[in-house]
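Let's take a walk through this fold together. Have the structure open, and we'll look at how some of its pieces sit against each other.

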Amino acid sequence: MTDAELSKLKNSCHTHLAGHKALSPAESFAKMAAWCEQHQVENDVYGEGAVVQEFEQKIATLLGMEAGLFCITGTMTQATALRLACQERGNPLVGLHASSHILIHERSNFQTLQHFQSLTLGQPHRPWAYKDIQTQTEPLAALQIELPMREIGGQLPTWDELEAIKAHCHEHDIHLHMDGARLWEAAAYYGKTWQEIAQGFDTVYVSFYKGMAGLGGAMLLGKKEFLAKAKVWNHRLGGNVFRRTPYVVSAAMQFDERLAAMSDYFKRTQQLFEHLRNYPQLRTNPSQPQANMLHVHLPVSAEKALAIRNHIAQEHGFWLFNNAVAAALPESSMFEWYVGDQLLHLDDQALRRALDLFVAEIGH
């Protein structure tokens, strides 16, 4: 099945289980235009403009940071932050978890562009623990922590472990950087404010197109002097686009609503786990929800899982998940579920119907 055929099949389904409803460009741009008219938005020029600066300050205040810098991509943002941390300390070594996005998804940019050197720490299938840092003998310039950790099903370190890591980095002058691509999803599990979570980090990166469903864009938060240096590097790396306004508007116009819904998404995730306990063929990682996302492990190959997904979509109109990948054991696979608007508003009867169909086909 071609990508075009797959997209057509997905769009033909009456029920989608994962994420938020995808708006058409016309729908998105109409909402943006109305919001711009309501708030009398004017375009920025290379990032200079009220709509950009006000949004930067809003996110900085929310996280208790001194300032914010809107950036085009998280890939550029994080590499820049860690490079600068290493330069400030005259030490190129950054501690990364084995599941770090930088290691897995960014095509070795930090190596090929000579940003810094990495040292892989922690257990690949477990969240950060204080002992992962405490037992590290080589001096680190920086440490990156992802909250929550997507590649292991949205797991989070315990609050005590996280606080111990913060204290250790502060004591040893290790720049602590947060990969907060999904930070907004972490507060419900911790029962803490975003400011409490961010406290103790030197820099924080957040995203606006994942759970926030914006067009794209990211933000780096930290001290003003540090962000002034980051701004120079963003320019060097091609991130100084002429207009940031469309990206900022697409995030700002729905930010408060999305943020307020995060606790509801987490409650729905807890309910989803209760439903999944009735389907032992579907194993979740983690075993208990820690964010409004999870991995579901299946006793079939990724190819069979995708074929089942497509068949159920064609015959019953349920779109179960977006992708499946091979898992560690032979003839096993897993997919990711992000619990957003679609599962939040899906009634339990329809959810059980979709799960019944899925499990029935897995058993064939």
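The axes of α3 (residues 50-63) and α12 (residues 245-252) cross at roughly 45° and come within 9 Å. Axes here are lines fitted to C-alpha atoms, for helices over the stretch in contact, and angles run from 0 to 180 degrees between N-to-C directions. Helices (H or I, at least four residues) and strands (E, at least two) are DSSP runs, numbered from the N terminus.

Who does the touching? On α3 it's V51, V52 and F55, and on α12 it's T245, V248, V249, A251 and A252, with contact meaning heavy atoms within 4.5 Å. Sorted by class, that makes seven nonpolar residues, one polar and no charged ones. (Ala, Val, Leu, Ile, Met, Phe, Trp, Tyr, Cys and Pro count as nonpolar, Asp, Glu, Lys and Arg as charged, and the others, Gly among them, as polar.)

## A word on the model

This is a predicted model, where local features need pLDDT of at least 70 and side-chain atom pairs count only at pLDDT 80 or more, while totals for chains, interfaces and linings use all residues. Residues are numbered from 1 along each chain as its sequence is written, and side-chain values use heavy atoms, leaving out hydrogens and water.

## The seven-stranded sheet

Now find the open sheet with the order β2-β8-β7-β6-β5-β3-β4, seven strands with mixed pairing. Two strands pair if DSSP finds at least two bridges between them. At the edges stand β2 (67-71) and β4 (117-121), each with a single partner strand, so one side of each has no neighbour in the sheet. On average, neighbouring strands are turned by 20° against each other, direction ignored.

Inside this sheet, β6 (residues 175-180) and β7 (residues 203-207) run parallel and are joined by four bridges. Helix α4 (residues 74-89) lies across several strands, including β2 and β6, and runs at about 175° to β6. Helix α11 (residues 224-236) packs on the sheet too, and its direction makes about 15° with that of β2.

## The four-stranded sheet

There's also an open sheet of four strands, β9-β10-β13-β12, with antiparallel pairing. Its edge strands are β9 (283-285) and β12 (325-326). Three bridges join β9 to β10 (residues 293-298), and T284 has V296 as its bridge partner in β10. Helix α13 (residues 255-276) packs on this sheet, touching β9, β10 and β13 (333-338).
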